[in-house]
Amino acid sequence: MLNIKKTILISTLFSLFLIPSVSAACDYETQVTLQREAANITAKYESALYGTGEFEIAEGENSEGGHDETEIMEPKIVSSIFNLTENLYVTVENKLTGEIKEYHYKDSDNGTITWDRLDLEDIIEYEIKVYSDHSDCSGTELNKMSLITPKFNSYSNEFYCEEIDAYYCQKFITMDINMTEEQIIEDIENKKQKESEEEQETHEKSDFWQQYGIYIAIGVVLIGVVTSVIIVRKQRKKII
């Protein structure tokens, strides 16, 4: 019985000494520093057509008798996380597949983590969590953010989308297009018809003023002169 009491007493004393030492390790000043660094972490993406380094020969000959080469371009999304420090690490979860990757400062390029996407059939959201990599506060979650990256819109390559700025013709989209191809074509034709009618109306108004504007201006001036003469005569009669 005495041995049991001694064991309990020793365990209690050990716990009392151990807990303060662990808590004191991750002190307030360190926590503030980590929070400040975590708040500086940002994420963004860039979407564009990038050169593949491969070239295709254009049909026909140029003026010098040779053939022109054109670099093959392909859509790509480059996502980046910035301002990672040695005190922090991040996890990046692909919400579509559930895949999670972990990045530490040693994996970065001077604090920048970058990854590419070439398979652009889906809109993908990444959940980014920032953790402490400091030895005294290791594993503490400090920040969380979301990065939604677009998919490539195949409609944008179609002939009917040339010089069309509507959303369904943009190359990269972060919201699905709830329209069929037939509906898109019909909407484009309606827009073009409306623009044509507005241009015709503007042209007709412009022609009207070019033809009759001078006469209308002369008429306004004459009305003004006549009105002024009548007013002057009335004022003279009152004076007399």
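Predicted model: local features only at pLDDT ≥ 70, side-chain atom pairs only at ≥ 80, totals over all residues.
A residue counts as buried when its relative accessible area is under 20%. By that test, tryptophan 115 and tyrosine 126 are both buried.

**Confidence**

The protein chain has an average pLDDT of 81, and 70% of the residues score at least 70. Over residues 1-23, pLDDT stays under 50. For that stretch the model has one contact beyond four places in sequence.

**Aromatic pairs**

A pair of aromatic rings is described by the distance of the centres and the angle of the planes. Searching the whole structure gives five aromatic pairs. Two of them are set out below.

| Pair | Arrangement | Centre to centre | Between the planes |
|---|---|---|---|
| Tyrosine 89 and tyrosine 131 | stacked | 5.2 Å | 15° |
| Tryptophan 115 and tyrosine 126 | edge-to-face | 5.3 Å | 75° |

Tyrosine 89 belongs to strand E3 and tyrosine 131 to strand E6, so their pair ties together parts that are 42 residues apart in sequence. Tyrosine 89 and tyrosine 131 are both buried.

The pair of tryptophan 115 and tyrosine 126 also links distant parts of the chain. Tryptophan 115 is in strand E5 and tyrosine 126 is in strand E6, eleven residues apart. Together with Tyr103, these two residues, Trp115 and Tyr126, make up one aromatic cluster.

Another ring has a charged neighbour: lysine 76 lies over the face of tyrosine 50, 4.6 Å from the ring centre.

**Nonpolar cores**

In soluble globular proteins, nonpolar side chains tend to be buried together. Here the largest nonpolar core has 20 residues. Which of its members touch the most other members? They are Ile41, Ile81, Leu88, Val90, Val92, Ile128 and Val130.

Several elements each supply at least two residues of this core: helix H2 (28-39) and the strands E3 (88-94), E5 (113-117), E6 (124-132) and E7 (141-149). The most comes from E6, which gives four residues.

Isoleucine 81 shows what such a position looks like in detail. Leaving out residues up to four places away in sequence, isoleucine 81 touches Ile41, Thr42, Ala43, Val90, Val92, Gly111, Thr112, Ile113, Trp115 and Ile128. One of these neighbours, Trp115, is also a member of the aromatic cluster described above.

Key
Residues numbered from 1 in each chain as written. Heavy atoms only, no water. Core = buried A, V, L, I, M, F, W, Y, C linked by side-chain atoms within 4.5 Å. Buried < 20%, exposed > 50% of the residue type's maximum accessible area, 1.4 Å probe, protein only. Contact = heavy atoms within 4.5 Å. Phe/Tyr/Trp six-rings, centres within 6.5 Å; stacked < 30°, edge-to-face > 60°. Lys NZ or Arg CZ within 6 Å of the ring centre and 35° of its normal. pLDDT = per-residue confidence, 0-100.
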